[in-house]
Amino acid sequence: MASISAEKLYKVFGRRPQRGVDALENGATRADLRQQGLTPAVIDASFDVKEGEIFVVMGLSGSGKSTLIRMVNGLLEPTSGTVSIDGDDVTRLTGEKLRRVRRDKVSMVFQHFALLPHRTVGENAAYALEISGVGRSDREKQADRALEMVGLGGWGGSMPGELSGGMRQRVGLARALASGTDIMLMDEAFSALDPLIRRDMQDQLIELQHQLGKTILFITHDLNEAMRLGDRIAMMRDGRIEQIGSAEEILNNPVNNYVAEFVQDVDRTRVLTAANVMEPPVAVLGTEQGPQTAHKLMREHQTTILPVVRRDRTLAGLVHERDVASAVRDNGEMRVVPAEQVGVVRADDHLVDLFSHATEHALLIVLDAQDKVAGVIPRVTLLAALRTSPAQPDGGGDEPSEAPDPQLQPTGGAA
Ligand SMILES: Nc1ncnc2c1ncn2[C@@H]1O[C@H](COP(=O)(O)OP(=O)(O)OP(=O)(O)O)[C@@H](O)[C@H]1O
């Protein structure tokens, strides 16, 4: 079940807005509605945010993002359509029931996050819990833990005035984390920060999300931020969602010219990650399996390299066909290249950072956050991915050349 689900959402501002919805459904344009004094802020928006994903709503100023997120948290009532949170239709809930869903399930982080100036950082982080009536010692514990998570361990006793802007924004994040809700709504949460601090916060959010598995609806007008953070991205224009997809899908298959033009200048190598281009390994060898099995697997799957994995799917090493063949022939031991000497990358590594690996290894092994083998990237695939980036500078620094250096040709790459 989706954590957040929006169906055919409309928000029209102005008098008797329902007639605006009817008109839009019958093909009227935004301009038509304006002539009647109506502003359609969100038009026919449907999407599901899955449990544990970062879903980014990306659009320029005025495209309807804030209106959308306000309908999700119940601050604004849709003109028509529904929003459900864990199956509860929040558009139908009122009073105490609505407050309870908002308090227990959803927390918000805003762009300009106002700290209470006369309360300590710890009290600020615990504020949502205080409102919910959680006792002092429990909320202090939860707030301390949350401050720790955002890199502000030890700052609980300080006053907000002693913190930098970036640190204050972290307190906002800590407050949302401390409240322990599964869903976090983040409205331009990092937009007011300096670029370096902002990048830092983005990294931290990704890390926290890996650890905690929160469901995050994140709003931004910054395409690079959207691409960096979003497991999926909804591209909004003039109140409508034009496309929903992963960064890769949007880059590779934009649904229309608007989206295509919007993303054309994105440097794919900085957006796409190892996870985006990896393939499932055609086969893996268990550490307890011998050269006979390796030989059979290689023949069956037409590959010359096999990752060797332990029972928990962590990487033990690699075997090459030549070593397997000689072990089979001599009825001897099979040489396993130890994991330290294998080209190992992380699922969230950006392609731009993988180039040096491609020069060294015929096959990269991609590990997930739990160190388990998630997939593989043959060197040829990586080189192709690096080459198809339209934003590669002409003759630029680390751009791979059209014909890879012969010395870099795969020696025993997977087929
Ligand atoms: N309370 C309101 N009354 C009338 N029109 C509104 C109201 N709130 C928003 N709008 C209009 O709805 C449209 C969408 O606004 P919204 O704030 O949702 O966009 P946004 O994408 O969040 O933009 P920004 O990033 O600038 O906040 C805009 O045309 C805006 O002027």
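**View 1. Helix α3 gives the largest share of the shell around the ligand, 3 residues.** This is a predicted model, where local features need pLDDT of at least 70 and side-chain atom pairs count only at pLDDT 80 or more, while totals for chains, interfaces and linings use all residues. Residues are numbered from 1 along each chain as its sequence is written. Helices (H or I, at least four residues) and strands (E, at least two) are DSSP runs, numbered from the N terminus. Both α3 (65-72) and β2 (39-49) put at least two residues into the shell.

**View 2. Here are the residues around the ligand.** A residue belongs here if its C-beta atom, placed from the backbone, lies within 6 Å of the molecule. Look for Phe-13, Thr-39, Ala-41, Gly-59, Ser-61, Gly-62, Ser-63, Gly-64, Lys-65, Ser-66, Thr-67 and His-221. Sorted by class, that's 9 polar, 2 nonpolar and 1 charged. Ala, Val, Leu, Ile, Met, Phe, Trp, Tyr, Cys and Pro count as nonpolar, Asp, Glu, Lys and Arg as charged, and the others, Gly among them, as polar.

**View 3. Helix α9 has buried residues: Met-201, Gln-202, Leu-205 and Gln-209.** Seen down the axis, they fall within an arc of 105° (taken from the directions from the helix axis to the C-beta atoms), so they line one face of α9. Buried means 20 or more other C-beta atoms within 10 Å of a residue's own, exposed means 12 or fewer, with C-beta atoms placed from the backbone. Turned away from the buried side are the exposed Leu-196 and Gln-211.

**View 4. Just after α9, Gly-213 takes a positive phi of about 65°.**
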